[in-house]
Amino acid sequence: MTANCDLGVSNYGSKNIIVTEDGKKYQKAGFGQTAGAVIAANIAGGAVIKAASVAGNIPLSKVMKEMANIDVDTFKKAADMAFEKSGLAEKGVKFIDATAENKALIDEVIGKALPKWMDKVPFIKNMMMRKLDIAKDMTFNGKNAFYLPNAQAIVINKDKMSWAAFHEMGHALNKNTAGLGNVLQKIRGPFGALAGIALLTALFKRKKVEGEKPKNALDKVTTFIKDNCGKLAFVSMVPLLMEEGLASIKGLKLANGLLSAENLKTVKSLNIKAWLTYAAMAVGVGAATALVSKVRDTIAAPKEIK
C-alpha cells in the first residue's frame with residue numbers, strides 16, 4: 001500500500017479519493033472546478049469588503065466636508081500646544097507639517113517606517129512602501145494623517161487637517177507609554193496577519209466531508225482555521241479597533257482645555273465616525289472570509305461515490 005500525502009484520509013492509491021472513517025468514499029473536485037470556485041469566492045469576498053468600506057466611510061465623509069469651514073488657526077494652535085503638553089518631543093517623537101518644505105524630512109522618516117526584517121523580503125517591502133507613498137500623497141493633500149511608530153513621527157497637513165493631530169498624538173502616546181496601549185500597538189500588526197491567513201485558508205482549503213478526520217498536526221490547525229475562518233478574521237481586527245479607540249481617547253484628553261467645548265465635541269464626533277470605518281472593515285473582513293469559504297466549498301464540494 002503506497003503512502004498518500006493528500007490531506008484527505010485515504011490510503012487507496014488515489015489522491016483524488018477521500019475515504020472517511022466509516023468507509024464512505026468521495027471524489028474530489030477537479031482542478032478546473034476548484035479553480036473556478038476559488039475565482040468566484042475571491043470575487044464574492046472582494047465585493048463584501050468593498051461594500052463594507054464604502055458604507056463605513058459614509059458618516060465620516062459627511063462630517064469631513066463640514067470641517068472645510070473650521071477656524072484653521074484655532075486648531076493649528078491647539079495642536080501645537082497639545083504636542084507640547086503631551087511630552088512626546090522628549091520621547092523623540094517628531095511633529096511634522098506636510099508641506100513642500102518638509103518633503104525631504106517626510107521621505108526620510110518614511111524610509112525608517114518599516115521593520116528591518118522586510119529588507120529580507122523585497123516584494124513585501126515594496127508593497128508596503130507603495131502604500132506609504134499613497135498615504136504620504138494623501139497627507140500632503142489634507143486627506144490623511146499618520147503616525148509612524150518605527151520612525152517616531154507624526155505627519156499631518158496642519159493647514160488642512162489639524163483636527164486629526166490629537167488622534168495621531170494618541171497613537172504616539174500608546175507607543176511611548178507603558179500599559180494597554182503599548183501592548184495593542186505591538187500586537188495589532190501580527191494579529192492583522194491572522195486575517196490574511198484565515199482568508200487564504202478559506203480560499204484554498206476545502207472543508208472536510210462528514211466523517212473525515214485531520215491527518216496530521218498541520219491539517220488539524222488548518223482545519224480549525226477553515227471551520228472558524230470568519231470569526232478568526234474578525235477577531236484579528238480587535239486589537240486594531242481597541243488601539244484606534246484608545247488613541248482617540250488619549251487625543252481628546254490632550255485637546256481638553258485647549259479647544260472650546262463645541263470644537264472638542266466636533267473632534268470627538270470625527271473620532272467616533274473614523275473609528276466606525278475600522279469597525280465596518282472588521283465586520284466586512286469577517287463576513288467576506290466566511291463567504292469566501294462558503295462559496296468555494298459549495299462550488300467545489302467533493303461528491304460521494306455510491
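I began with a definition: a residue is buried under 20% relative accessible area, exposed over 50%, and partly exposed in between, with a 1.4 Å probe and protein chains only.

**Entry 1: the model.** I noted that this is a predicted model, in which local features need pLDDT of at least 70, side-chain atom pairs count only at pLDDT 80 or more, and totals for chains, interfaces and linings use all residues. Residues are numbered from 1 along each chain as its sequence is written, and side-chain values use heavy atoms, with hydrogens and water left out.

**Entry 2: Gly-30.** I applied the definition to Gly-30, which counts as partly exposed because its relative accessibility is 39%. Gly-30 belongs to the loop between strand S2 (25-27) and helix H1 (31-66). Helices (H or I, at least four residues) and strands (E, at least two) are DSSP runs, numbered from the N terminus. I also looked up Ala-300: its C-alpha atom is 8.1 Å from that of Gly-30, although 270 residues separate the two along the chain.

**Entry 3: the sheet.** In what order do the three strands of the open sheet stand? I found the order S3-S5-S4, with mixed pairing. Two strands pair if DSSP finds at least two bridges between them.

S3 and S5 (residues 153-156) are parallel and share four bridges. Across this pairing, Lys-94 stands opposite Ala-153, and Asp-97 opposite Ile-156. S4 and S5 run antiparallel, joined by three bridges; here Phe-146 has Val-155 as its bridge partner. These two strands form a hairpin with four residues between them, and Gln-152 in the turn has a positive phi of about 55°.

In a regular strand the side chains alternate between the two faces of the sheet. I checked S5: Ala-153 and Val-155 point one way, Ile-154 and Ile-156 the other, and all are buried.

**Entry 4: the nonpolar cores.** A nonpolar core is a set of buried Ala, Val, Leu, Ile, Met, Phe, Trp, Tyr and Cys residues joined through side-chain atoms within 4.5 Å. Which residues have the most contacts inside the largest core? I recorded Leu-88, Phe-95, Ile-154, Phe-166 and Met-169, in a core of 30 residues. Among the elements that give two or more residues to this core are H1, S5 and H6. Apart from it lies another core, of 16 residues, including Leu-114 and Phe-140.

I then followed Leu-88, whose contacts (heavy atoms within 4.5 Å) include Phe-83, Ile-154, Met-169 and Leu-173, leaving aside residues up to four places away in sequence.

**Entry 5: H7 and H8.** How do helix H7 (residues 180-204) and helix H8 (residues 217-227) cross? Their axes come within 9 Å and cross at roughly 95°, which means that H7 is roughly perpendicular to H8 (angles of 65 to 115 degrees count as such; under 35 is roughly parallel, over 145 roughly antiparallel, and the rest oblique). Axes are lines fitted to C-alpha atoms, for helices over the stretch in contact, and angles run from 0 to 180 degrees between N-to-C directions. Ile-197, Ala-198, Thr-201 and Ala-202 in H7 meet Thr-222, Ile-225 and Lys-226 in H8.
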